[in-house]
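Reader: I would like to learn how to read the places where parts of a protein meet. Could you take me through one slowly?

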Amino acid sequence: MKLNRIAPMVIMGACTLYFLVPIWWLLVAASKSRSEFSSTDPLWFADFALMDNLRELFAYRDGVFLRWLGNSIVYTGGAALLGTVLAAMCGYALAKYRFPGREAIFNVVLSGVLVPATALALPLFLIFSQFNATNTFWSVFLPSLVNPFGVYLARIYASASVPDELLEAARLDGSGEVRTFFTVSSRLMFPALVTIFLFHFVAVWNNFLLPLIMLGNERLFPVTLGLYTWNTQVNQYPEVRMLVLTGALVSIVPLVIAFLLLQRFWRNGLGSGAIK
Amino acid sequence: MRFPMRSLGIVLTSALALTACSNGGGDDDAASTAGAASCAPSSGPVTLNYTTWIPGIEKVVKVWNDANPNIQVKVQTGPNGNGGTYQNFFNQLKAGNAPDLGHIEYDALPSFRVQDGLENLAGCSEVTAAKDQFVDWTWGQVTFGEENSVYGVPQDAGPMALFYRKDLFEKNNIPVPTTWDEYAAAAEKVKSAGGYITNFSQSDINQFAGLSWQAGGRWFANDGAKWTVNFADENTTKVANYWQGLIDKKLVSAVPPWTTEWDNAYNTSKAWTWVSAVWGANSIMSGAPDTSGKWAVAPMPQWTAGGTVAGNWGGSATAVFKGSKHPYEAAKFALWLNTSEEALTMLNSEAQLYPATKAGASLPALKQGVEFYGGQPIYDVFAQASTQVAADFVWGPTMTSTYATASDGFKGAVSGSTTLPDALKKAQDATIQNLKSQSIPVAE
């Protein structure tokens, strides 16, 4: 009886430790000065120099790090927001309207789920090169808008949670299709939209190869690429190591905020999908 | 029903990619010309794109831009070469929108050369006239020893010397080794004093390449038609056996280089020497701050007593990419960047680049004593070493994968599952395979 409870607790405890230790390490590392970083216990604090590190990070190269952080929020937040609306509309249309070729379109979109984003980066670069549009904001933003997995989720959720009778009623009351979508259907789909938004947010945030290939202008970098750029220079310029560590710590803050704010909806979305 | 649809999606996507590829290729063909570029000045104002990962380069470029309103240079940046920028260069060459100028390390230049990605600057009289300003071997790195070819302007160099803990050597009455035999003897004494003579770099093969370079190993050769690959010649094998001996006797440590453990080994006096390049001075300074004032620099140990041969580790060139519409202006900027005293001084102070020019060795900043090294004017040692590097060492066109296979083998040698000579033999076979798979002709 007791063992039944202890065993899962031990396993979950181990998992928690496994996931939290790297973050703890990062927090500790970012709080040290450079000389203490290599000479003191990696899992416990030495002299607390986090503020100095932050000040140095935000001042380095005219504060380019803050610019990167801003870029990341615009790329990921903007693309996730617009992309969620697109995915929702597309999935909703595929779920609720009958038209020829509907299944074919859906299957093509589904096949897009199978093509990894990394495989598309190079073809996208060559296409954007044709229009002299590489090394621009749009070369990263536009490709980030589409999200086939979001369409799939939206379609499944729309067919389960938006009753046809309700749409019928809205039409009888004289509401246009677009208005119905935004005022009625999207409300019903809201938990699913939050899920799509989060998935999309994380996918764009993690899509590292696209900006790496597209961008050469440092002022356009997202924070992931910027930190990576610094990190490749650590061998030759060891003084940037603390900037990379402190930057990594700061750069996870927006992700943590996004998840803390939205996890309530997300749990709700996954759960309600399960019952239906 | 579902399966064919999926395939259709994939076919559509790849068709799109293919179209894009072939269009890009078309642009490329139009731009390529045979032999050296004509190198005529363009009329009117010119804007050049320059991609590099040197920190602080904007300040140097600003000096040029202020003085040359008709040749404006725009800086693009990214990770270091092997971190992604080289791959970007190849993609951009394919798409026909490569920058005019790019930063390329010596060991990567041949891979761009075999892909026909570099403009031959031998047609620019200013460039060929600058030959004598550069240390001989750096010029060899950009010409590949071929006649009528200059594929970049040398920028920086990494002549090697011996960094050692002066205080510990004196305290333990160990003479500073001048030959590799003395170095091995010193290693025994250091071991009995509780340290390691050095750390053997198990994953950064460049250091070993520098050691082989000094010993007379020549890994690659190109006779104009075919590449020769030889990681097992007498001299390279001599170096490999030497270090294998030190590993077997456990006289060297083997922590992975460029990690905090590695820094720590120097910071806590566990490792006493490092045979490294000029830029290593900065690595020790920032990695081992607690040992300030206790280091000194001596010339590299020699294979024959009284010899004066040095190796090189690192260094890079500024290359002009094929398809640049302004090779003349690009070459002019590259020459200014890498020969003028004001640019070299800034590159040295911003990014610790050690100049590839003869005159660069006498920059005021490189004549001063360095406090970390007990006030020794250490750059004099490197200035001399730079003149002692053999000029006929050639890199191969697939160094990235060569390094990867060699480093796997070296890790095995450190853990005892193989030996350094075997690892090199294996890396040689893999390199030959790799060249063949890219249809690069290899002599066997």
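The dialogue below goes through domains, interfaces and a sheet in turn.

Author: This is a predicted model, in which local features need pLDDT of at least 70, side-chain atom pairs count only at pLDDT 80 or more, and totals for chains, interfaces and linings use all residues. Residues are numbered from 1 along each chain as its sequence is written, chains are lettered from A and ligands numbered from 1 in the order in which they are written, and side-chain values use heavy atoms, with hydrogens and water left out.

Reader: Into which domains is chain A divided?

Author: Domain bounds come from an automatic or database domain assignment. For chain A this gives domain 1 (1-48) and domain 2 (51-275), and the centres of the two, taken over C-alpha atoms, are separated by 30 Å. Contact means heavy atoms within 4.5 Å, and here 10 residues from domain 1 of chain A and 10 residues from domain 2 of chain A take part.

Reader: How much area is buried between domain 1 and domain 2 of chain A?

Author: Buried area is the accessible area (1.4 Å probe) that two parts lose on being put together, summed over both. Between these domains of chain A the value is about 870 Å², and carbon and sulfur atoms give 78% of that area. On the side of domain 1 of chain A, the residues that lose the most area to domain 2 are A:Leu26, A:Ala30 and A:Arg34, together 56% of what that side buries.

Reader: How many salt bridges does the rule find across the interface of chain A and chain B?

Author: A salt bridge is a side-chain nitrogen of Lys or Arg within 4 Å of a carboxyl oxygen of Asp or Glu. The rule finds 2 salt bridges across the interface of chain A and chain B, and the side chains of A:Arg241 and B:Asp263 meet in a salt bridge at 3.2 Å, N to O. By contrast, the count between domain 1 and domain 2 of chain A is 0 salt bridges, and across the interface of domain 1 and domain 2 of chain B the rule also finds 0 salt bridges.

Reader: Where do the domains of chain B lie along its sequence?

Author: The assignment for chain B gives domain 1 (38-157 + 314-366) and domain 2 (158-312 + 375-443). Their centres, taken over C-alpha atoms, are 28 Å apart, and about 1800 Å² is buried between them, of which carbon and sulfur atoms give 57%. In domain 1 of chain B, B:Asp107, B:Trp137 and B:Tyr354 lose the most area to domain 2, together 34% of what that side buries.

Reader: In what order do the strands of the open sheet in chain B stand?

Author: Strands of a sheet pair through backbone hydrogen bonds, either parallel or antiparallel. Strands (E, at least two residues) are DSSP runs, numbered from the N terminus, and two strands pair if DSSP finds at least two bridges between them. In chain B, 3 strands form an open sheet in the order E5-E6-E10, with mixed pairing. The edge strands, E5 (220-222) and E10 (442-443) of chain B, each pair on one side only. Strand E6 (residues 227-229) of chain B runs parallel to E10(B), joined by 2 bridges, and B:Thr228 stands opposite B:Ala443 in E10(B).

Definitions and conventions. Helices (H or I, at least four residues) and strands (E, at least two) are DSSP runs, numbered from the N terminus.
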